[in-house]
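User: I have a structure open and want to go through how it is put together. Can you take my questions as they come?

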Amino acid sequence: MATAASFNQTSKTVCVMDASGRLGSSIVHRLLQRGYSVHAAVQNHGKLWQSFEGLSCNNKKLKVFHSDPFDYHSIMDALKGCCGLFYSFEPPSDQPTYDEFMADVEVRAAHNVLEACAQTNTIDKVVFTSSATTVIWNDSHRKAPDLDERNWSDLNFCRKFKLWLALSKTLAEKTAWALAMDRSINMVTVNGGLLMSPDLTIANPYLKGAAEMYEDGVFVTVDLRFIVDTHIHVFEDITSYGRYLCFNHVIKSNEDAVKLANMLLPPSESSLPQSLEATRIHQQRISNKKLNKLMVDLDSKLRVD
């Protein structure tokens, strides 16, 4: 298994796109700490853009690019000279909400980025951020004992119940895989659970269907540090392949549900029905054994629960 020691990070330049989101910006900072040269590609001129601009003045290993996933040339500019890409989709500022139209937007962005990678002869590997929602939403899955990376959400099921995030992520990931296989792009995906970041709110589209995920034992969350380290580890490990479900906690007890509700809602709204105060525990029905096996060499405090 390849480890960090196997890589000469000082000679590696990678691109992070979109670096303006919580995950993307954290990956940028972690890569810089590990000695990589980084092209931070952002699509807006907000506070994170300004912070990168200031940081790039003091760090010769960081270059900031304005990159629009719908502008092919701007993608190519950001990828120039890079050996790898960390890609995560951030909704455009003029269309921030996941609805029935977002799937087309996210699919076009994924196609453009993967096509640009195919045209960039220096790209050795792509780490594509996806979601655990691409795995869990399927009527037939409710009878399955354990879901893992081999499962896919059913598109018609997502449309029927207006699970727009799951629909968008599933279509975008399938588009990326089709293009990666057709163009011989070395790609892995990190299918993350609900990201437990400081800016998490009840409006997060991942939470659509939260009650059903909880009852089915597939409501998974992931800490920011864990998913960042996962991205970098699957990039550095030459044995990584395919999809990786990424989570380090499962919401499966009433105590877990109450704790999450208290985080997301004001006190007056976060009190759950008395029936939920019982000590009932739902059986976990989703597995991340593949990722756990890959990451056994990480510090024990970062291992999957």
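Analyst: Below we go through the sheets, the helices on them, the cores and a few single residues.

User: Before that, what kind of model is it, and how are residues numbered?

Analyst: It is a predicted model, so local features need pLDDT of at least 70 and side-chain atom pairs count only at pLDDT 80 or more, while totals for chains, interfaces and linings use all residues. Residues are numbered from 1 along each chain as its sequence is written, and side-chain values use heavy atoms, with hydrogens and water left out.

User: OK. What is the strand order in the seven-stranded sheet?

Analyst: The order is E3-E2-E1-E4-E5-E6-E9, in an open sheet with parallel pairing. Strands here are DSSP runs of E with at least two residues, helices are runs of H or I with at least four, and both are numbered from the N terminus. Two strands pair if DSSP finds at least two bridges between them.

User: Which strands stand at the edges?

Analyst: Strand E3 (62-66) and strand E9 (242-246). Each has a single partner strand, so one side of each is left without a neighbour in the sheet. The twist averages 20° from one strand to the next; axes are lines fitted to C-alpha atoms, for helices over the stretch in contact, and angles run from 0 to 180 degrees between N-to-C directions.

User: How many bridges join E2 to E3?

Analyst: Five, between E3 and strand E2 (residues 37-42), which run parallel. Valine 42 has histidine 66 in E3 as its bridge partner.

User: And what does E4 pair with?

Analyst: E4 pairs in the parallel sense with E1 over four bridges, and with E5, also parallel, over four bridges. Cysteine 15 is partnered by leucine 85 in E4, and phenylalanine 86 stands opposite valine 127 in E5.

User: Which E4 residues are buried, and on which sides?

Analyst: Both faces of E4 are covered, with Gly84 and Phe86 buried on one side and Leu85 and Tyr87 buried on the other. Buried means under 20% relative accessible area, exposed over 50%, and partly exposed in between, with a 1.4 Å probe and protein chains only. As background, side chains in a regular strand alternate between the two faces of the sheet.

User: Which helices lie on this sheet?

Analyst: Helix H1 (residues 22-33) packs on it, touching strand E1 (13-17), E2, E3, E4 and E5, and its direction makes about 165° with that of E1. Helix H7 (residues 164-182) lies across E5, strand E6 (187-192) and E9, running at about 165° to E6. Contact means heavy atoms within 4.5 Å.

User: Switching to the three-stranded sheet, what is the order there?

Analyst: E7-E8-E10, an open sheet with mixed pairing. Its edge strands are E7 (194-196) and E10 (249-250), each pairing on one side only. Strand E8 (residues 220-223) and E10 run antiparallel and are joined by two bridges; valine 220 stands opposite valine 250 in E10. Helix H9 (residues 224-236) lies across E7 and E8, at about 80° to E8.

User: Now the core. Which residues touch the most other members?

Analyst: Met17, Leu85 and Phe219, in the largest nonpolar core, which has 60 residues. Such a core is a set of buried Ala, Val, Leu, Ile, Met, Phe, Trp, Tyr and Cys residues joined through side-chain atoms within 4.5 Å. Another core of 32 residues lies apart from it, including Val16, Val188, Ile227 and Val228.

User: How many aromatic pairs are there?

Analyst: Six. Rings of Phe, Tyr and Trp (its six-membered ring) pair if their centres lie within 6.5 Å; planes under 30 degrees apart count as stacked, over 60 as edge-to-face and the rest as tilted. Tyrosine 87 and phenylalanine 128 have ring centres 5.4 Å apart and planes at 40°, so the pair is tilted. Tyrosine 87 is in strand E4 (residues 84-87) and phenylalanine 128 in strand E5 (residues 125-131), 41 residues apart. Both are buried.

User: One last thing: where is threonine 133, and why does it count as buried?

Analyst: Threonine 133 is in helix H5 (residues 133-136), and counts as buried because its relative accessibility is 2%. Its C-alpha atom is separated by 4.9 Å from that of alanine 166, which is 33 residues away along the chain. Leaving aside neighbours within four places in sequence, threonine 133 has contacts that include Ser153, Leu165, Ala166 and Tyr206.
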